[in-house]
Amino acid sequence: MQLSTRNQLKGKITEIKKGPVSTEVTMDIGGQTMVVASITTGSADTMELKVDDTVTALIKASSVMIMK
């Protein structure tokens, strides 16, 4: 599969908070850095996500902020 997404962060799922419509997925990408994604619960169920799964966060946004 080819994607135009340039920001791809590999990590491991550490927590999943399921709601009726959306699910919050927390992943550890290393260096004590966590990424939290909000996806539909339907997508989480279809992908059968579970804690300790290795996943990739694909980030494509028109606005990205940098802080120093």
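Contact means heavy atoms within 4.5 Å.

## Basis of the model

This is a predicted model, in which local features need pLDDT of at least 70, side-chain atom pairs count only at pLDDT 80 or more, and totals for chains, interfaces and linings use all residues. Residues are numbered from 1 along each chain as its sequence is written, and side-chain values use heavy atoms, with hydrogens and water left out.

Thr23 lies in strand β2; strands (E, at least two residues) are DSSP runs numbered from the N terminus. Because its relative accessibility is 1%, Thr23 counts as buried, a term that means under 20% relative accessible area with a 1.4 Å probe and protein chains only.

Neighbours within four places in sequence aside, Thr23 is in contact with Ile16, Lys17, Lys18, Ala37, Ser38, Ile39, Thr40, Thr41 and Ala44. The side chains of Thr23 and Thr41 are joined by a polar contact of 2.9 Å (a pair of N or O atoms within 3.5 Å; within protein, one must be able to donate a hydrogen and the other to accept it, and residues adjacent in sequence count only if both atoms are side-chain atoms).

Beyond residues up to four places away in sequence, Met27 touches several residues, among them Leu9, Ile13, Val35, Val55 and Ala57.

Notes:
Helix = DSSP H or I, 4+ residues; strand = E, 2+ residues; numbered from the N terminus. Buried < 20%, exposed > 50% of the residue type's maximum accessible area, 1.4 Å probe, protein only.
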